[in-house]
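Please read them with the structure open.

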Amino acid sequence: MTEPIAGWIWGRNLRAFLELLSRYAGYALDETDWETIEAGVQDTDDEAPDSWYSYPLVGTNATLKVALARAVGGQEVSVSVTGAETPELRLRTDTLLSAFASV
């Protein structure tokens with residue numbers, strides 16, 4: 001198993017991040033998924049490892065586990081993605097993290 005790909009993004013970019021990541025995995029993220037994730041991440045704290053929210057993206061290309069936690073008092077969301085086994089998927093995931101942290 002490869003190392004998790006971790007970083008942070010702006011909270012306003014969370015849905016777009018997950019939609020693109022889901023496409024790369026071959027999973028069709030829908031409104032029900034988003035509502036579940038949005039509710040799950042509400043009471044998280046990125047400084048408390050046991051309060052992160054995890055959501056699986058089980059697609060035709062990959063099975064990814066996305067762990068999410070909000071920065072208390074901030075607009076950032078910490079992200080950790082496991083299951084990105086191919087070099088291409090690892091690069092895409094890392095690029096998404098970088099892009100959504102800067103816009």
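**Notes on the fold**

1. Overall size. The protein has 103 residues, and a compact globule of that length would have a radius of gyration near 13 Å; the protein has 13 Å, so the two agree. Bear in mind that this is a predicted model. Along the principal axes, the C-alpha atoms fill a box of roughly 35 × 30 × 25 Å. The accessible surface is about 5,700 Å². Carbon and sulfur atoms own 52% of that surface. Of the 103 residues, 41% count as buried.

2. Elements and their order. The protein has three helices and four strands. Along the sequence they follow the pattern β-α-α-β-β-β-α.

3. The four strands form an open sheet in the order 1-4-3-2, with antiparallel pairing. Strand 1 (5-10) and strand 2 (53-58) are the edges; each has a single partner strand, so one side of each lacks a neighbour in the sheet. From one strand to the next, the twist averages 25°.

4. Strand 1 with strand 4. Strand 4 covers residues 76-82 and pairs with strand 1 in the antiparallel sense, over six bridges. In this pairing A6 stands opposite S80 of strand 4. S80 also faces A67, which stands opposite it.

5. Strand 3 with its partners. Strand 3 and strand 4 are antiparallel and share six bridges. Their hairpin has five residues between the strands, and G73 takes a positive phi near 80° there. Strand 2 and strand 3 are antiparallel too, over six bridges. A hairpin of four residues joins strand 2 to strand 3. L57 has L64 of strand 3 as its bridge partner.

6. Helix 3 (residues 87-102) lies across strand 1, strand 3 and strand 4. Helix 3 runs at about 30° to strand 1.

7. The core. What is the number of residues in the largest nonpolar core? The count is 26, and F17, L18, L64, L68 and V79 have the most contacts inside it. Strand 1, helix 1 (14-25), helix 2, strand 2, strand 3, strand 4 and helix 3 each supply at least two residues of this core. Helix 1 gives the largest share, five residues. In soluble globular proteins, nonpolar side chains tend to be buried together.

8. F17 as an example. Set aside its neighbours within four places in sequence, and F17 is in contact with I9, V79, V81, T93, L96, L97 and F100. Of these, V79 is also listed among the core residues with the most contacts.

9. S22. Is S22 buried or exposed? Its relative accessibility is 0%, so S22 counts as buried. S22 is found in helix 1. Beyond its neighbours within four places in sequence, S22 is in contact with Y27, L29 and L57. L57 is the residue whose bridge partner in strand 3 is L64.

10. T60. This residue sits in the loop between strand 2 and strand 3. T60 has a relative accessible area of 70%, so it is exposed. T60 still touches A25 and G26, not counting residues up to four places away in sequence. T60 and A28 are 32 residues apart in sequence, yet 9.8 Å apart in space, C-alpha to C-alpha.

11. E76. Where does E76 lie? E76 is found in strand 4. With a relative accessible area of 26%, E76 is partly exposed. Leaving aside neighbours within four places in sequence, E76 is in contact with W8, I9, W10, G11, A69, R70 and A71. E76 and N13 are 63 residues apart in sequence and 9.4 Å apart in space, C-alpha to C-alpha.

Notes. Residues are numbered from 1 along each chain as its sequence is written. Side-chain values use heavy atoms; hydrogens and water are left out. Two strands pair if DSSP finds at least two bridges between them. Axes are lines fitted to C-alpha atoms, for helices over the stretch in contact, and angles run from 0 to 180 degrees between N-to-C directions. Contact means heavy atoms within 4.5 Å. A nonpolar core is a set of buried Ala, Val, Leu, Ile, Met, Phe, Trp, Tyr and Cys residues joined through side-chain atoms within 4.5 Å. Buried means under 20% relative accessible area, exposed over 50%, partly exposed in between (1.4 Å probe, protein chains only). The radius of gyration is taken over C-alpha atoms; the globule rule is 2.2 Å times the number of residues to the power 0.38. Accessible areas come from the Shrake-Rupley method with a 1.4 Å probe; for residues, only the protein chains shown count as cover.
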